[in-house]
Structure formats: C-alpha cells, structure tokens
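Here's a quick tour of the model, meant to be read with the structure open.

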Amino acid sequence: MHRFEYHAPTSTAEAIGLMERYGDSARVIAGGTDLLTALKERWERPAFVIGIGAIPGLADILYEEGVGLTIGATATVRAVETSAVVRAKYPVLAYAASTLASIQIRNLATVAGNICRASPSADMPPALLVLNAAVVLAGPAGERVVPLAEFFTGPGRTVRQPNELLTEIRVPPPQPHSGAAYIKHSPRRAMDLAVVGVAAALALENGLCHDVRIALGAVAATPRRAREAEAVLEGHEPTAARLAEAARVAATACTPISDVRGSADYRREMVRVNTARALQQALEAAA
Amino acid sequence: MKQLLRFTVNEEPCEIAVEPWWTLLDVLRDQLELTGAKKGCDRGDCGACTVLLDGKPIVSCTTLALQAHGRRVTTIEGLVHEGTPHPLQQAFVDVGAVQCGFCTPGMVLAAKALLDENPSPTEDDVREAIAGNLCRCTGYAKIVEAVLSVAHA
C-alpha cells in the first residue's frame, strides 16, 4: 500500500483549503472503493489524502418540489438506490444505482465519486445525463455549476480543477408525462462493468416526443449524449420506424474500442439494440 | 504518522493508533485480533472481508481504518450473544451451508444486514444480498436455504 498523510476536514471550506494547499499531490477520498485499489497497486501515489466522509450534511439527498434533487458529495450509491424520493421521482436513477458492483461496494461508493472518477463505463453518468443533471464545483473563488454533459473530458479526466471539490449533483424536477430507462449490458448481474450502457429519457406531449435525451456509456472516451440520435426523435411521433432510426444513428455515432469485454462492432450492435429498448421503456414510463 | 482511531467494535468502544494507510480489515485482523473477517482478493471483489459499518455491509479491505472513525463496526465475532450463536450462524450449521468456511463470515453478515432491513425476503432478495460474496466451493444453494430458513422462522 502506498503511504500518505491523511486529513479529515470537518467543513467544505476546510477541505477546499487543503486541496488548494496540496494541489496535485492530494487526492480526495469519499467511499474509497476506487482510490484504495489505486493506492494498493501504486497506480496513484498522492502525498496527501483528504477524507471528506466526516463533513456534516454532505451525505444529504434532498428533493424540493419545483427545484429538483440534490445529491451531496458523500451520498452513497446505495443511499440513492434505496431513497424513497429517488425511487418515486427518478426511478431510473435508483435502478442505475442498483446495477453497480455489489451492495458492499454501493454502501461505500458515492455517486459523486463515480462521476469524478470519469470512467467511460461508469453506471451513474448515463442516467444522470438523460436527467439533465449538473454538478456544483466549489473552489477557493466560489462555486460554479457545470452541466454533466460538459464535465467529462477523457478517460479519468474532467473539467474539475485540483482545488475544486464536487459538492453536489443537481437534477431538475421530472417533467409531466416523461419517462426514462437505463440498460446495462454485461455478462454478469453483479460485480461487473458495463460492456455497453444506454440511458434514454423523453417526454410526450400531444403524441409527440420532446426533450429526448440518449446517453451512452463504455462506447467512447467519456460517457456522452448521443445528440444525433436524439434529433431523429425530437418533435416527432414515436413510430417504430423513428425509434429504429434513432437506435441506428446512436450506433453509428458512437466510437467504441475493442477490448477484453467486447469488440467495437459488438458494442455498436448492442448500442443499437439497447437504444431501441431503452427508448421503448422510456415511452412506456412516460405514457 | 499514526493517528488516533476512535470507534465502536462489536458494541465496545475502541481506541487505537493507526497508520493512515491501514485498511479497516488489517486493523481488525492484525491489531484487534478479530480474524473472522477474511482477506480474500483484497480489492473489494470477493466479499470475504464483509463487516457491518453502522449496520450496513461493506468491504473492509477497501476501507481505510480511519474512515470508520466515530462509527460502529460489527464483525462476525459480534454476532455471538453470551456464547450462543446468532440464529443465522445456527442455520448455516443446521443446513450445512459451510464447506471450506472462508466465505462464511461475510455471507452471514451480508445476510444479517438483509434480514435487518427486510425480515421476509424472497429468494431473489437473498441472492442479490449475497451477490458480492463469492463462495469458491460454489455451495450457494445451501447458503440461500439457510438464510431463507431464518427469514421464514
């Protein structure tokens, strides 16, 4: 195990102060399920580790009518999965959470950590992307709000600066007659990464689809929206032909790699199949 | 430099100086001599190191000891009450849900956390609850049977 100095700040301001002071030589730990493996393998060798688990209020999951949902930086994936309000208002988020690793990992891992780690195959980003989520980054100069769609810049890379703490995730309130779905394609039900992850959301008004969002995981350098595919359906009736065309465009527009989990061609085909299924499930939830 | 870790272990207050890079599992096993939690994969994949943190199952090999500061840890040793095994432990014995035994403490604790939340789980619920616990003897059927026998009791 790599050796480091440990700090446990008791406020967000204190945490940001430490991050400002130590910069690139510090890593933040919330659940630690990713970082501990990296420290054991010495993939990461920070001189300082800043534990934010004891900061009061940072684990809150709050919903306010007309405002939406806020998920604090240390709220665990399991807390989101089992939250009554998340299940009622954002079932897709609770479901996506339930697909991640095991209960033992979900009781430690945080949604914010799953985002900041910026793994292309992470389970929470596709669902959060189709819900139009944003993240709050707090730094020495104050806070900025970044749409999640603009947060990821590459595998393991984001727009977050070393002196910025992701303090909360914001999800707008669900629209009337809207629905969303996440489909994780992986050989095993537990303890496995997505070969392909597809999330879809849409709202129905007078029989036409609007606010269509499709997000893909594990088929590009970052989790990303499939805007070309969304445009196929936006403002149109959800006919079988339209859904099939949106799915085809999603498969064409993504840029998967071939690796041990699947070939690029296989991933593309699974994007097509699962985009069609996710859109269908979202439609059923919206109706 | 060692730091003071104050937490509750099996209902007893505990104070111990730990290095920041020590895992909770290593502190339990090597410092507190609670060797019920096992080191299997040492990276959160196998569940043999499962303990309860504030009543919820976690992988203690992938948790810094200092993350448990101020919190409540329950290990398999804490399930025995005045020399009497917990009903789940007795059920594992009665049903024969133990082969080599290495995964058993984690299985029992994962099952206890399930039953504490949901006293009447379905078989699917039980299988989901232990999805993070690998048994390489592959004796899952008896384990599920043991958990359900307590649930239905």
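First, a definition: a residue is buried if 20 or more other C-beta atoms lie within 10 Å of its own, exposed if 12 or fewer, and partly exposed in between, with C-beta atoms placed from the backbone. Also, this is a predicted model: local features need pLDDT of at least 70, side-chain atom pairs count only at pLDDT 80 or more, and totals for chains, interfaces and linings use all residues. Residues are numbered from 1 along each chain as its sequence is written, while chains are lettered from A and ligands numbered from 1 in the order in which they are written.

Now for α5(B). Its buried residues are B:Ile143, B:Val144, B:Ala146, B:Val147, B:Val150 and B:Ala151. An α-helix has 3.6 residues a turn, so residues three or four places apart point the same way. The cover over the buried residues of α5(B) includes α2, α3 and α4 of chain B, where contact means C-beta atoms, placed from the backbone, within 7 Å.

On to chain A, which has eleven helices and 14 strands. Helices (H or I, at least four residues) and strands (E, at least two) are DSSP runs, numbered from the N terminus. Of the 287 residues of chain A, 52% count as buried.

Chain A has an open sheet of three strands in the order β1-β3-β2, with parallel pairing; strands pair if DSSP finds at least two bridges between them. β1 and β2 of chain A are the edge strands, each pairing on one side only. β1(A) and β3(A) pair over three bridges, and A:Tyr6 has A:Val49 as its bridge partner in β3(A).

Here are the strands of that sheet:

| Strand | Residues |
|---|---|
| β1(A) | 5-7 |
| β2(A) | 26-29 |
| β3(A) | 48-51 |

Which residues of α1(A) are buried? They're A:Ala15, A:Ile16 and A:Met19. These cover an arc of only 95° around the axis, which puts them on the same side of α1(A). What covers them includes β2, β3, β6 and β10 of chain A.

Definitions and conventions: Contact = placed C-beta atoms within 7 Å. Arc of directions from axis to C-beta.
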